[in-house]
Amino acid sequence: MRQINHSVTVLRVCREEWLKAVKNRCLLCNHAIPYDTVAIAFIDSATGEHYGDARIVSEVTFGGYENGNWTWNMFAKLTGLTVRELKERFPFEAKLFNHGVCEMYLYEIEPVCESELRSLLYSPEK
């Protein structure tokens with residue numbers, strides 16, 4: 001028997017964030033998604049409604065002491081969110097004088113249907 005340890009991370013977002021993430025195929029987080037995650041399930045932060053799922057294609061880390069600098073404008077352009085929306089989503093980082101010390105994780109995503117999600121979870125390759 002072969003054990004496969006793939007998982008799905010649940011992310012609570014508002015509908016507008018989900019739509020922009022799907023359109024731009026880009027998701028910004030202030031925490032790293034666990035390494036064994038193959039997909040993200042998006043649910044509404046207020047109602048719990050399931051919006052859809054996406055496969056993680058790639059990840060880039062910005063900020064901290066070892067990674068490249070970042071700006072709100074750069075993330076706004078990549079994600080399709082406004083600087084104001086980003087600062088509301090990440091209030092801790094918005095309050096810092098030197099926000100570059102905070103690590104931010106940018107994920108390239110690709111929407112998947114339920115059957116593709118099952119395939120990702122049960123395939124031996126990530």
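The 14 positive and 17 negative charges of the predicted protein model have mean positions that lie 4 Å apart. In this count Lys and Arg are positive and Asp and Glu negative, with His and the chain ends left out; each charge is placed at NZ of Lys, CZ of Arg, CG of Asp or CD of Glu. Because the model is predicted, local features require a pLDDT of at least 70 and side-chain atom pairs a pLDDT of 80 or more, whereas totals for chains, interfaces and linings use all residues. Residues are numbered from 1 along each chain as its sequence is written, and side-chain values use heavy atoms, without hydrogens and water.

Side chains of opposite charge can pair when their charged atoms come close. Four salt bridges are found in a search of the whole structure, a salt bridge being a side-chain nitrogen of Lys or Arg within 4 Å of a carboxyl oxygen of Asp or Glu. One of them joins the side chains of glutamate 85 and lysine 20, with an N to O distance of 3.2 Å. Glutamate 85 belongs to helix 3 (residues 83-89) and lysine 20 to helix 1 (residues 15-24), so this pair ties together parts that are 65 residues apart in sequence. Helices (H or I, at least four residues) and strands (E, at least two) are DSSP runs numbered from the N terminus. Glutamate 85 is partly exposed at 23% relative accessibility, and lysine 20 is likewise partly exposed at 24%; here buried denotes under 20% relative accessible area, exposed over 50%, and partly exposed the range in between (1.4 Å probe, protein chains only).

Another salt bridge is formed by the side chains of arginine 55 and glutamate 110, at 2.9 Å from N to O. Arginine 55 lies in strand 4 (residues 50-62) and glutamate 110 in strand 5 (residues 104-112), so parts that are 55 residues apart in sequence are tied together by the pair.

Within helix 3, arginine 84 and glutamate 88 are four residues apart, about one turn of the helix. These two residues form a salt bridge whose closest N and O atoms are 3.2 Å apart. Arginine 84 is exposed at 61% relative accessibility, and glutamate 88 is exposed at 51%.

The protein comprises five helices and five strands, arranged from the N terminus as β-α-β-β-β-α-α-α-β-α. Its radius of gyration is 15 Å, close to the 14 Å that the globule rule gives for 126 residues, so the protein is as compact as a globular protein of that length. The radius is taken over C-alpha atoms, and the rule is 2.2 Å times the number of residues to the power 0.38. Along the principal axes, the C-alpha atoms fill a box of roughly 50 × 35 × 20 Å. Of the 126 residues, 39% are buried. Among contacts (heavy atoms within 4.5 Å) with a separation of 6 or more, 75% involve residues 24 or more positions apart.

Serine 7 lies in strand 1 (residues 7-13) and is partly exposed, with a relative accessible area of 22%. Apart from neighbours within four places in sequence, serine 7 contacts Asp36, Thr37, Val38, Ala39 and Leu121. The C-alpha atoms of serine 7 and lysine 77, 70 residues apart along the chain, are separated by 29 Å.
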